[in-house]
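Let's take a walk through this one together, stopping at a handful of residues, a helix and a couple of pockets. Keep the viewer open as you read.

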Amino acid sequence: MSALGSAGLVAAARLLQAGQVCVGEPGDPTAAARLAAATHAPGLIVLDGSLPRYSLRRAQVGLVTAAQIDAFGNLNTTVLGDYDEPTARFAGPGLLPDVTAALPTIVLLPHRLAAFVERVDFVTAPGGLSGPLDRALVGLPGTGPIAVVTDLGVLRPDPATAELVLTDLHPGVTVEQVRAETGWPLEVSADLVETAPPSEAEQAALTSSAA
Amino acid sequence: MALAEVVDALVPDGSTVAWEGVPVAVARALLRRRGLTLVSTAPGVSGDLLVGAGCVDRLVTSAVAGPRIQAALRSGLALEEHTATGMAAAYDAGAAGLPCGLLRGYTGTDLAAVTRVATVRCPFTGEQLAAVPALTPDVAIVHAPRADRISPDRLPPLYAARRALVVVDEDGGEAPWFAEVVRAEPDEDGWAELLADRARFTAWLAQARA
């Protein structure tokens with residue numbers, strides 16, 4: 001079973017639309033895209049990362065994961081600690097920086113304090129950098145991550161501050177639980193909603209893909 | 001000629017080798033090599049093995065995956081890290097005989113400060129672009145199901161290198177005229193299984209190197 005749980009997978013899948021072209025990393029990101037394609041988003045295309053320079057230009061949304069994420073949605077898949085003397089080494093950039101630079105991106109990541117930090121040790125892939133104007137200043141389009149979907153809920157960037165705020169809670173999860181696993185003073189959206197449980201069609205697709 | 005002989009003749013000590021999707025049998029034929037520079041978008045199990053066997057001094061890659069690569073980094077393996085599109089642009093430039101490849105990339109990342117990338121201005125539009133140095137390996141080794149079914153991703157490394165080898169699963173079709181083609185051999189002595197068992201493999205490696 002996915003590290004995100006069924007609530008996380010369906011919350012991510014529901015952000016996708018029929019006919020969209022997605023770049024999806026292996027694991028939960030691709031699983032969420034397949035779930036969308038099997039339910040409400042027929043004709044959704046998931047690219048496999050070949051011919052990256054050409055295919056990225058034709059993609060509309062990215063689905064990614066990371067080792068670390070910060071309050072501005074910047075992602076780290078490089079190191080913990082200093083680059084030359086790291087305390088942990090991850091798998092490196094791959095396509096990630098290009099995806100978050102160019103596309104609206106959905107990040108899928110289990111919600112744990114070790115991963116949700118105030119500032120990433122290394123910016124492998126740009127989110128909102130350090131504030132709401134930063135991306136435009138360096139010439140990057142959009143906001144980077146449009147949603148961060150975890151096993152506890154969904155965070156989205158506040159347009160005024162570019163900081164990630166809690167917008168959705170999965171069933172049975174409390175705000176306190178999410179705050180306890182978040183390394184910055186997490187704001188809660190005034191429009192906080194609860195994730196609807198999996199529909200029959202979603203449940204069927206989850207069950208058949210797990211089999 | 002058999003795969004091991006072809007590979008052995010193609011890759012002398014100290015070579016820079018582009019390595020894309022290569023089966024482990026190729027790594028096996030190179031275990032006695034020293035001082036290689038391995039250039040690989042994703043080194044995979046075979047690249048991890050080559051590094052683990054101590055054949056590689058320097059790694060140019062966009063995927064720092066594999067337990068042996070991670071261990072080697074802790075003991076001094078030199079690393080040049082690029083994004084997947086940076087690798088593609090550098091191979092393209094090498095294939096076209098250009099000194100550098102251009103792309104939109106590295107913007108807003110900490111990678112730019114720790115790898116070989118520069119910023120240039122487009123003379124027509126004024127846009128700031130990233131430039132990466134061309135990759136021109138001594139040898140490129142890539143995998144394809146058949147000589148006429150080479151993935152488009154893997155053509156630039158072949159064209160960029162001085163010598164090119166396509167390792168295929170089945171005979172038939174024609175590769176680019178300058179490339180050698182050799183068929184991957186089936187793993188008759190269960191080598192892949194040996195690889196999975198670290199203790200058994202370490203013992204086997206010591207024997208193979210003796």
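Find B:Arg68 in helix H4 of chain B. Is this arginine buried or exposed? With a relative accessibility of 16%, B:Arg68 counts as buried, because the cut-off for that label is under 20%. Bear in mind that you're looking at a predicted model. If you skip the neighbours within four places in sequence, B:Arg68 is in contact with B:Asp48, B:Leu49, B:Val51, B:Gly52, B:Leu195 and B:Phe201.

Pick B:Gly52 out of that list and go there next. B:Gly52 belongs to helix H3 of chain B, which covers residues 44–52. In sequence, B:Gly52 and B:Arg68 are 16 residues apart, yet in space their C-alpha atoms are 4.8 Å apart. Again leaving out neighbours within four places in sequence, B:Gly52 has contacts with B:Arg68 and B:Arg209. As for its surface, B:Gly52 has a relative accessible area of 38%, so it is partly exposed.

Helix H4 of chain B spans residues 67–74, and together with E3(B) and E4(B) it makes a right-handed β-α-β unit. The two strands, E3 (residues 56–61) and E4 (residues 78–81) of chain B, run parallel and are joined by four bridges. If you want one pairing to click on, B:Thr61 has B:Glu81 in E4(B) as its bridge partner.

Over to chain A, starting with helix H1 (residues 5–13). Why can we call this helix largely enclosed by the rest of the structure? Because seven of its nine residues are buried. The buried residues in H1(A) are A:Ala7, A:Gly8, A:Leu9, A:Val10, A:Ala11, A:Ala12 and A:Ala13. What do they pack against? Their partners in chain A are helix H2 (28–38), strands E8 (105–108), E10 (145–149) and E11 (153–157), and helix H7 (200–210).

Still in chain A, there are two leucines with backbone angles to check. A:Leu51 has a phi near 45°, which is a positive value in a residue other than glycine. You'll find A:Leu51 in the loop between strand E2 (45–47) and H3 of chain A. Its relative accessible area is 28%, so A:Leu51 is partly exposed. A:Leu129 has a positive phi too, near 60°. This leucine sits in the loop between strand E9 (116–117) and helix H5 (134–138) of chain A. A:Leu129 has a relative accessible area of 11%, which means it is buried.

At 46% relative accessibility, A:Ala102 is partly exposed.

The largest pocket has a volume of about 970 Å³. It is lined by 39 residues, and the closest to its centre are A:Gly49, A:Gly94, A:Leu95, B:Thr41 and B:Ala84. Which elements give two or more residues to this lining? They are strand E1 (21–24) and helix H3 (52–55) of chain A, along with helices H5 (84–96) and H6 (155–160) of chain B. H5(B) provides the largest share, five residues. By class, you have 21 nonpolar, eleven polar and seven charged residues in the lining of the largest pocket.

The second largest pocket has a volume of about 790 Å³. Of the 28 residues that line it, B:Leu103, B:Arg104, B:Gly105, B:Thr107 and B:Glu127 lie nearest its centre. At least two lining residues each come from H3 and helix H4 (96–102) of chain A, and from strands E5 (100–103), E6 (118–121) and E7 (128–133) of chain B. H4(A) gives the most to the lining of the second largest pocket, with four residues. Sort that lining by class and you get 17 nonpolar, six polar and five charged residues.

Methods:
Residues numbered from 1 in each chain as written. Chains lettered and ligands numbered in written order. Predicted model: local features only at pLDDT ≥ 70, side-chain atom pairs only at ≥ 80, totals over all residues. Heavy atoms only, no water. Pairing = 2+ DSSP bridges. Right-handed = clockwise from strand over helix to strand, strands pointing away. Buried < 20%, exposed > 50% of the residue type's maximum accessible area, 1.4 Å probe, protein only. Contact = heavy atoms within 4.5 Å. 1 Å grid on protein atoms, 1.4 Å probe; cavity = no way out; pocket = protein on both sides within 12 Å on 5 of 7 lines; lining within 4 Å. Points joined across faces, edges and corners; volume = space filled by probe spheres on them. Nonpolar A, V, L, I, M, F, W, Y, C, P; charged D, E, K, R; others polar.
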